[in-house]
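Subject: The structure for you to look at

Hello,

Here is the structure I promised to pass on to you. Please open it next to this email and follow along as you read.

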Amino acid sequence: MNNLRSTLTRVLLPVLFTSAAVASYMLHPQALAWLEFDVSEKPIRVLTGGAAYFSAAWLGGRLVGLALERAGRKRRQVPKLLLELVSAALFIAATIATVMLVIGQSWSGAIAGSGLVIAVIGFALRSTLADVFAGIAVGLEAPYRIGDWISINDRTRGRVIEIGWRTTRLFTRNDTYVILPNSQIAQQALTNYSAPNRKYRAQVEVVLSHELPIAVARELLTDAAARSPIIVNVPKPDVRVASYDIEGIRYHVRFWVPSFADDIDCRDAIFGQIDSALRDGGLPLPATGLRLLSEQVTGGAQRREIGDA
């Protein structure tokens with residue numbers, strides 16, 4: 001009921017204005033004749049026609065906004081940029097129609113006359129227009145939306161807090177803003193960690209000694225990863241052998257992260273559990289060329305040594 005009331009409130013005023021403006025435009029000749037006013041008809045026609053065009057653009061923007069909001073409730077939130085784009089297009093069309101009404105020129109003549117001006121302006125603002133058109137593409141295709149965690153070329157990572165006409169603003173985990181031109185984003189590889197689901201699979205790499213059998217290592221790493229309280233319990237973590245190298249056997253410990261905001265904490269917890277499991281079991285260190293620190297007491301002083309394995 002509240003949603004219906006809110007919808008009617010948002011649409012009612014534009015509907016009234018549009019209806020009144022259209023009626024005035026269509027009936028003003030009869031009204032002038034009936035009132036016997038000796039005034040020029042053109043100014044009134046231009047005034048009422050312009051009011052009708054802009055009222056219709058206002059009403060169209062409200063209706064499109066309501067439709068996008070309803071679509072956003074069923075799926076993900078629709079970018080604000082898309083609504084701004086539609087509203088701007090409607091008001092630009094209303095402005096052009098009003099100008100044509102003032103000068104009494106047809107649409108074809110107006111387009112032909114303004115072609116040169118548009119070409120000059122486009123050349124002067126080509127870099128800005130590239131960002132704007134890239135922003136329009138982002139609004140239409142929606143590769144990311146407000147609140148998504150994204151990564152640009154695996155270097156710039158953050159949560160999307162604003163999608164503008166020219167730039168996209170990210171809020172990083174270091175509490176800093178990163179502002180990127182939309183044209184730059186469009187030319188680079190983008191990873192969205194929030195779509196289609198917030199949960200995703202990550203992995204860490206561990207190299208263990210050849211002395212440890214693969215079956216034992218896989219069980220140890222799987223049990224250690226499963227003890228992490230931060231990661232997603234279902235599906236459970238698993239371990240895959242990545243390579244059999246000179247320095248040791250390389251394992252990939254795969255696990256599910258609840259959201260990108262927890263990515264670093266999950267990796268930290270996984271490595272902590274693996275380190276504890278190796279140390280508690282007295283197993284070889286995951287790196288070659290090192291051995292555990294040994295303590296020797298010489299003349300009442302302690303001396304630590306580290307050497308080649």
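The protein has 8 helices and 10 strands. Please keep in mind that this is a predicted model. The chain holds 309 residues, of which 31% count as buried. Among the contacts with a separation of 6 or more, 60% are between residues 24 or more positions apart.

The sheet

As background, strands of a sheet pair through backbone hydrogen bonds, and the pairing can be parallel or antiparallel.

Let us walk across it. Strand S1 (residues 149-152) is joined to S5 by 3 bridges, and the two run antiparallel. Here Ile-150 has Asn-192 in S5 as its bridge partner.

Strand S2 (residues 156-163) pairs with S3 over 4 bridges, again in the antiparallel sense. These two strands make a hairpin with 3 residues between them. If you look for Ile-163, you will find that its bridge partner in S3 is Thr-168.

From S3 to S4 there are 5 bridges, and these strands run antiparallel too. Phe-171 stands opposite Tyr-177 in S4. The hairpin of S3 and S4 has 5 residues between the strands, and Asp-175 in this hairpin takes a positive phi near 60 degrees.

Which residues of strand S3 (residues 167-171) lie on its covered face, and which on its uncovered one? Thr-168 and Leu-170 make up the covered face, while Thr-167, Arg-169 and Phe-171 make up the uncovered face.

Thr-156 belongs to strand S2. Val-178 is 22 residues from Thr-156 along the chain, yet their C-alpha atoms are separated by 8.1 Å.

Ser-209 sits in the loop between strand S6 (200-208) and helix H7 (214-226). With a relative accessibility of 18%, Ser-209 counts as buried, because the limit for that word is under 20%. The Ser-209 side chain also reaches the backbone nitrogen of Glu-211, at 3.1 Å.

Rings and charges

How many aromatic pairs are there? The count comes to 7. One aromatic cluster is formed by Trp-149, Tyr-193, Tyr-200 and Phe-260. When you look at any such pair, remember that a pair of aromatic rings is described by the distance of the centres and the angle of the planes.

Charged side chains meet rings as well. The charged end of Arg-169 sits over the ring of Tyr-177, 5.3 Å from the centre of that ring. Lys-199 lies over the face of Trp-256, at 5.4 Å from the ring centre.

Enjoy exploring, and write back with any questions.

Best wishes

Technical notes: Residues numbered from 1 in each chain as written. Predicted model: local features only at pLDDT ≥ 70, side-chain atom pairs only at ≥ 80, totals over all residues. Heavy atoms only, no water. Buried < 20%, exposed > 50% of the residue type's maximum accessible area, 1.4 Å probe, protein only. Polar contact = N/O pair within 3.5 Å; in protein donor to acceptor, adjacent residues only side chain to side chain. Pairing = 2+ DSSP bridges. Phe/Tyr/Trp six-rings, centres within 6.5 Å; stacked < 30°, edge-to-face > 60°. Lys NZ or Arg CZ within 6 Å of the ring centre and 35° of its normal. Contact = heavy atoms within 4.5 Å.
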